[in-house]
Amino acid sequence: MLNVAIIDDNVELRTRVAKRIARHLKKEGINWEVKHYDPLEEKSDYSNWIILNKVVILIVDEKLNVVPNSEGKSTSYSGHDIVKLLRITNKQLPMYVITAYEEDTVLQGMKGQFDGIVSRTLFSDNKSAEQYIQRFVRATQSYLENYQNEYNRLAELSELVALDKATEADITELKGLQTKLEIPLTSLNINDRKNWLLELEDKTNKLEELSEKIKQFLAE
């Protein structure tokens, strides 16, 4: 199932946000799961974590070091640090920061990295929260549609390679899609198409479940 992920060190606050979003999705008949989490111990773990948990929208609190975790440790990074890290490799994933300090200088200086800076005060109001969530949904729908289009194009280009009909431009595009969809291959040797295609098949099979779920969602 596709997931809306909320990262916040305050379990009460993130539970409240999760419930608001879940109610809206249920009302609209959108079958996404809403989950909330403590911040990860290591900031560098988020890239793989996003993939493993099939996250299609990320909502993070800015101040992540207020409430210690179960081991009594406080997070050494902020919400904007997560977004900054993920944007290096994922330019399209919808990411929002929710905060009571929306005028923070650092946040304002990074506005181009976020899909939005969400006021926690306004999100506490039912009408304002509804408007925010509608924006979340639209951004995520566009993200999923783009992903599906890119996945389909990856399949087309792979077939051209299999038939030995791929041009240099096709190969360059294919390499770009492999990187964007996070399907790293050991090589792209057109003279060894059989081994390359076997490896590509193995990698793309891992995306098959997510792709099918996206197709089902877009068909609704």
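The accessible surface of the protein is about 12100 Å², and 47% of this belongs to carbon and sulfur atoms; areas come from the Shrake-Rupley method with a 1.4 Å probe. The model is predicted: local features need pLDDT of at least 70, side-chain atom pairs count only at pLDDT 80 or more, and totals for chains, interfaces and linings use all residues. Residues are numbered from 1 along each chain as its sequence is written, and side-chain values use heavy atoms, with hydrogens and water left out.

The protein holds 8 helices and 5 strands, taken as DSSP runs (helices H or I, at least four residues; strands E, at least two) numbered from the N terminus. Along the sequence the pattern is β-α-β-α-β-α-β-α-β-α-α-α-α.

The strands form an open sheet in the order β2-β1-β3-β4-β5, with parallel pairing; two strands pair if DSSP finds at least two bridges between them. β2 (33–37) and β5 (116–119) are at the edges with a single partner strand each, so one side of each has no neighbour in the sheet. Strand β1 (residues 3–7) is joined to β2 by 5 bridges, and I6 has H36 in β2 as its bridge partner.

Two helices contact the sheet (heavy atoms within 4.5 Å). Angles run from 0 to 180 degrees between N-to-C directions of axes fitted to C-alpha atoms, for helices over the stretch in contact.

| Helix | Strands touched | Angle |
|---|---|---|
| α3 (residues 79–86) | β1, β3, β4 | about 145 degrees to β3 |

Just after α6, D164 has a positive phi of about 60 degrees.
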